[in-house]
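Visitor: I would like to go through this model one feature at a time. Please give the general idea before each case.

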Amino acid sequence: MIDRSRIGFTTAPTRVPVDAWRVKLFCQAIGETDPVHWDADAARAAGHTACPAPPTFLKAIEGEHFSSAALLQMLQVPLAGVLHAEQQFDHHSPVHVGDVVEVSRRVDRIFDKKDGALTFCVVDTDYRVEGRSAARSTQTILVRNKPPA
Amino acid sequence: MTWPAQIQLATDPVTPVQLALFAAASGDHNPLHLDPEAARTAGFDRPLVHGMLTMALAGRLFTRRLGPGCVRRLHARFSGVALVNDEIELTATLDRTEGDLAHYTLRGITGRGKEIVTGSAIVGAAP
């Protein structure tokens, strides 16, 4: 049983830079071949102020702030038996290589389904650049609980 | 703006190198994605593709067609898992338009036809 007192737990914001190397690795992993994402000259030639980060890239910098694995450890949930059930991203303004993103995460909800066999943990993440919201994401983690012995 | 009625993206078989690159980029070093033995112990024939990799592919489906910055919202429900060597086929279907925005539904299957993701997206003109 996950401790419900953790609902509302919010991490202190930390600042994480959007590094070109990380964007490039991310692009290589997903087969993105457009160099505007990591080559500043290509980005400017295409009319961008700097290299734009691909959609959902911000999830990749969460680990530098407070990873979902660390969050589950705090909730005393073993990683085995955990599934990433759902994810939503709302992009409010473009994020570019060189931006410094202020990240904060909040445990929004913890609830059971199927008579406690499944527990869902919903975590919201805010990403702010220069004081305004660049994006917000919602991750739903599914914990498959062992039946009581 | 005339929005495409359907947008598709089909990948080659996902390689272990892609998963290693994604792990390095994202810091998600869960052995289920990297270690065949850990995957087998958990009951899978091969390592699992990160759900966030599949979701990033959905982002690429839109940006490739509509340009970087077009994705305003992306929602994914991971209804199944893709494994290493699976091809991933994503289809976005125009649901409706609302002012300057287009709403799409999303579905992803493996090359073997197994559903791995359903969801939706809201896209607008690239800034």
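Visitor: What pLDDT does chain A average?

Guide: pLDDT is the predictor's confidence in each residue, from 0 to 100. Where pLDDT is low, the predicted coordinates should not be read in detail. Chain A averages 93, and 98% of the residues score at least 70. This is a predicted model, in which local features need pLDDT of at least 70 and side-chain atom pairs count only at pLDDT 80 or more, while totals for chains, interfaces and linings use all residues. Residues are numbered from 1 along each chain as its sequence is written, and chains are lettered from A and ligands numbered from 1 in the order in which they are written.

Visitor: Which elements of chain A have the lowest and the highest mean pLDDT?

Guide: Helices (H or I, at least four residues) and strands (E, at least two) are DSSP runs, numbered from the N terminus. In chain A, the lowest mean, 90, belongs to helix 4 (residues 68-74), and the highest, 97, to strand 1 (residues 14-17).

Visitor: What pattern does chain B follow along the sequence?

Guide: The order is β-α-α-α-β-β-β-β, with three helices and five strands. For overall size, the radius of gyration is taken over C-alpha atoms, and the globule rule is 2.2 Å times the number of residues to the power 0.38. Chain B has a radius of gyration of 15 Å, close to the 14 Å that the rule gives for 127 residues, so it is as compact as a globular protein of that length.

Visitor: How many residues of helix 3 of chain B are buried?

Guide: A residue is buried if 20 or more other C-beta atoms lie within 10 Å of its own, with C-beta atoms placed from the backbone. In helix 3 of chain B, 13 of the 16 residues are buried, so the helix is largely enclosed by the rest of the structure. Just after this helix, B:G67 has a positive phi of about 100 degrees.

Visitor: How many residues of chain B are in contact with chain A?

Guide: A contact needs C-beta atoms, placed from the backbone, within 7 Å. By that test, 30 residues of chain B touch 28 residues of chain A. Helix 3 of chain B gives the largest share of the chain B side, nine residues.

Visitor: Which strand of chain B is joined to strand 2 of chain A?

Guide: Two strands pair if DSSP finds at least two bridges between them. Here five bridges join strand 2 (residues 82-91) of chain A to strand 2 of chain B, and the two run antiparallel. A:E86 has B:R77 as its bridge partner.

Terms used. Two residues are in contact if their C-beta atoms, placed from the backbone, lie within 7 Å. A residue is buried if 20 or more other C-beta atoms lie within 10 Å of its own, exposed if 12 or fewer, and partly exposed in between; C-beta atoms are placed from the backbone.
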